[in-house]
Amino acid sequence: MIDGHVHTPYCPHGSNAALEEYIDQAIKSGYSSITFAEHAPLPETFIDPVPEQDSSMERSLVEPYIKEVQSLKKSYSSDIEIKLGFEVDYIKGYEKETESFLNQYGSSLDDSLLSVHFLPVKKQWFCIDYSPDVFSAACRAIGSIDELYERYYKLLKDSAHVDLGPYKPNRIGHMTLIRKFHHIYPSPEGWKKQAASFLSVVKNNGLDLDYNGAGTLKEYCRESYPPPDLAKMAYEKGISLIYGSDAHDPNGIKQGYEILNQTLMKI
Ligand SMILES: [Zn+2]
Ligand SMILES: [Zn+2]
C-alpha cells in the first residue's frame, strides 16, 4: 500500500500535527510506503492570490523540512518506507524559478508531484480549488466555464511538456481538480474529451498520475481525481496510477481509498 501524496505540519493551511502522527497513522493503516509532498514554496516573484497567502510552505522551512523527513526516514526504516518530496506548482511564466528551486533541492528528493492550482486570466491569478466563489469569479473573468476548462487542460498539458530540468517531478497531481465544485458548477459537455486527450500527453511524456482520494470527501466534488472512467482509461494506456490521500491531517491518511478502484493502483 503506497500513498504518494501526504502533507505535513510545514503546510500553513493544514494541521499542525507532528510528522510522527502521520507516520503512525500510516503504519496503522497498513502502508508500506508514504511520500511527504509538501507544497513547495511559490516562486519568490509570484504573489499568492489566496486571501491568507498560505498556499505553500515558507521558504525558510525548506531545509528543516528536508532534515526532519530524512531523519524520520532512518528512524522508521524497519516499519515503513518514507519518501521525501514536494508538491510543486506549475505556474506558467515562472518556469525558470521553479527549475532553479528543483535544481537546488532535487538531489535530496525521492518522489514529487507537479500540480496546477493557479490559473491566469487577463493578468489575474485564480486559485481554482480555493472556493466556489473564486471558481465562479474565474469563470466570469475568462468568459465561460467552457473556456476555463479549456485553459485548465491547456495548462496541464504545458505542465506535462515543460522542461523543468533534471529534477522535474514525474507525477501529475489531481488531474481533474477543476471538478472540485462540479456539483454547483457542472462541467461543460465535452470536458472528458479534454481530460482524455491530456492522458495521451501524460503517456507520451512518460509521466505517472496521482490517483487522489481527497475529492471523494469534498462536498461539491464527491469523486476521485481522476474519476473512475478516466482512471480506467489511464490504466489501459499503461499509465501508472499512484494512490494519493492528499492528507492535510493525520486523519486524512487513506482517505477515499476504499472508494477508489484499487485494481488500477500501482502497488
Ligand atoms: Zn494543501
Ligand atoms: Zn494539490
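Reader: How do the axes of α5 and helix α6 cross, and within what distance do they come?

Author: This is a predicted model, where local features need pLDDT of at least 70 and side-chain atom pairs count only at pLDDT 80 or more, while totals for chains, interfaces and linings use all residues. Residues are numbered from 1 along each chain, chains are lettered from A and ligands numbered from 1 in written order, and side-chain values use heavy atoms, without hydrogens and water. The axes (lines fitted to C-alpha atoms over the stretch in contact, with angles from 0 to 180 degrees between N-to-C directions) come within 10 Å and cross at roughly 5°.

Reader: Why are α5 and α6 called roughly parallel?

Author: Angles under 35 degrees count as roughly parallel. The axes cross at roughly 5°, so α5 and α6 are roughly parallel to each other.

Reader: Which residues of α5 and α6 make the contact?

Author: Contact means heavy atoms within 4.5 Å. Among them are Y149 and Y153 of α5, and W191 and F198 of α6.

Reader: Why does H13 count as partly exposed?

Author: Buried means under 20% relative accessible area, exposed over 50%, and partly exposed in between (1.4 Å probe, protein chains only). H13 has 35%, so H13 is partly exposed. H248, at 24%, also counts as partly exposed.

Definitions and conventions: Helix = DSSP H or I, 4+ residues; strand = E, 2+ residues; numbered from the N terminus. Parallel < 35°, antiparallel > 145°, perpendicular 65-115°, else oblique.
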